[in-house]
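Trainee: Could we go through this one together? I'd like to know what stands behind each label.

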Amino acid sequence: MFKFGIHKREQLTPDHLEGFFRARKFIALDLYNALDDYPPGDRDRIQGRMLRRFSNQNGTFKNTYVRRFEDFDILAANSVRSAFPANREIRVHDIGASDGRTSCAFYDTLSGIYGPRLKFVASDYAPFLYVVRRKNSTRRVIVDERENILQIITPPFVFNVIHPEKKLLYPFNHFIRYFVNRRYARPLMLAYKAGERDVERSRVDLLCYECRANCASKDNFRFISYDIFSPPTERFDVIRAMNVLNLIYFSREDLMKAVTNIFLSLEEGGLFITGSNLEAGTRVNGGIYKKSGGRLEKLEGSGNGSQVDDLIQAIRDTPGETGCDAYEEQEAGALKHTKEYSASTPGWRKAGAKS
Ligand SMILES: C[S@@+](CC[C@H](N)C(=O)[O-])C[C@H]1O[C@@H](n2cnc3c(N)ncnc32)[C@H](O)[C@@H]1O
């Protein structure tokens, strides 16, 4: 059986969005910001669909939802308010934020408490993608910053490269994707790298409307590209990591490295908020921890607790145990090199404005 994809803006309608037998069609990621003039509910729904089946080169999914964990946000905000008086400056980092929609909700809640004293950073591993194509061609590929091919668009098909359709259900798609990857996508990338003049590249900001609006208009909101496995160079009072520290994504060894980086990036007395859930409004299995006396002490639990609770509670800032001290000395200073995007970054335009 064949499955076609959504490859042009005119197809972003309910009629087009479902395939045969309501099979979910893949949607070209460069249509992500073509939805600014849609009603907010439709825009959220379609962008949610775009991200649900789309995966990074490291195999993690970018799925996220409006109002994904409202109750847990309330619990988290109450803990933050108890730990930090409303009249002081507070620095918050939301890691693995996908398109930033859950970050914006958390930012709004904390803004209500701290106002301009809140300094908020949201980050993700791959928030900025690129479209590479030959001039005037409708065929194109979507690549990440490291030039890994993530999606191939060759109308009427849209192929996700990392988690494609199931081979048994869609054997023709599987065959065509294999062929198109070898004969079109890889040669196109070689031509791009060789600097061929008719191959062009443009950026796609995979950030939701509110997130782009916040970046463009709020001095205390930034979005950066950050890999949780790279050492931190900024310190925060609150770090949140939702739906990213998951055992289906990473090994326990890797998760320990990520938790160690978070620990090193937290100020003494700072809070680490983490958890995982399914779709919007489902129960969060997570916890809230306080950095105190060289460890992370559990303050609150939710549902069954965090998948990495034992790793979090095993952290000790003692050389010879987790090696945090040595790690800190060796690695200090690296987020200086992390790319940052904010209201002052060239290329930003106010969300909704025509480019
Ligand atoms: C399932 S989404 C969760 C998004 C949002 N936090 C939420 O809960 O709705 C997981 C996110 O983690 C990001 N991610 C994956 N690997 C990462 C890494 N090594 N460093 C930082 N973020 C990562 C992915 O890009 C993706 O956007």
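This is a predicted model: local features need pLDDT of at least 70, side-chain atom pairs count only at pLDDT 80 or more; totals for chains, interfaces and linings use all residues.

Trainee: What makes Thr64 one of the residues that come nearest the ligand?

Mentor: A residue counts as near a molecule if its C-beta atom lies within 6 Å of it. There are 22 residues around the ligand, and Thr64, Gly96, Ser98, Tyr125 and Ile228 come nearest.

Trainee: How does that shell divide into nonpolar, polar and charged?

Mentor: Nine nonpolar, nine polar and four charged. Gly counts as polar in this scheme.

Trainee: Why do we say the ligand lies between domain 1 and domain 2?

Mentor: Because domain 1 (9–60 + 128–204) and domain 2 (70–126 + 207–341) both give residues to the shell around the ligand.

Trainee: Which residues touch the most other members of the largest nonpolar core?

Mentor: Val158, Val238, Ile239, Val259, Ile262 and Phe272, out of 83 residues in that core. Helix α7 (residues 252–265) gives the largest share of this core, six residues. Domain 1 and domain 2 both contribute residues, so this core lies between them as well.

Trainee: What is Val259 in contact with, leaving aside its neighbours within four places in sequence?

Mentor: Contact needs C-beta atoms within 7 Å. On that test, Val259 is in contact with Val308, Leu311, Ile312 and Ile315.

Key
Residues are numbered from 1 along each chain as its sequence is written. Domain bounds come from an automatic or database domain assignment. A nonpolar core is a set of buried Ala, Val, Leu, Ile, Met, Phe, Trp, Tyr and Cys residues joined through C-beta atoms within 7 Å. A residue is buried if 20 or more other C-beta atoms lie within 10 Å of its own, exposed if 12 or fewer, and partly exposed in between; C-beta atoms are placed from the backbone. Helices (H or I, at least four residues) and strands (E, at least two) are DSSP runs, numbered from the N terminus. Two residues are in contact if their C-beta atoms, placed from the backbone, lie within 7 Å.
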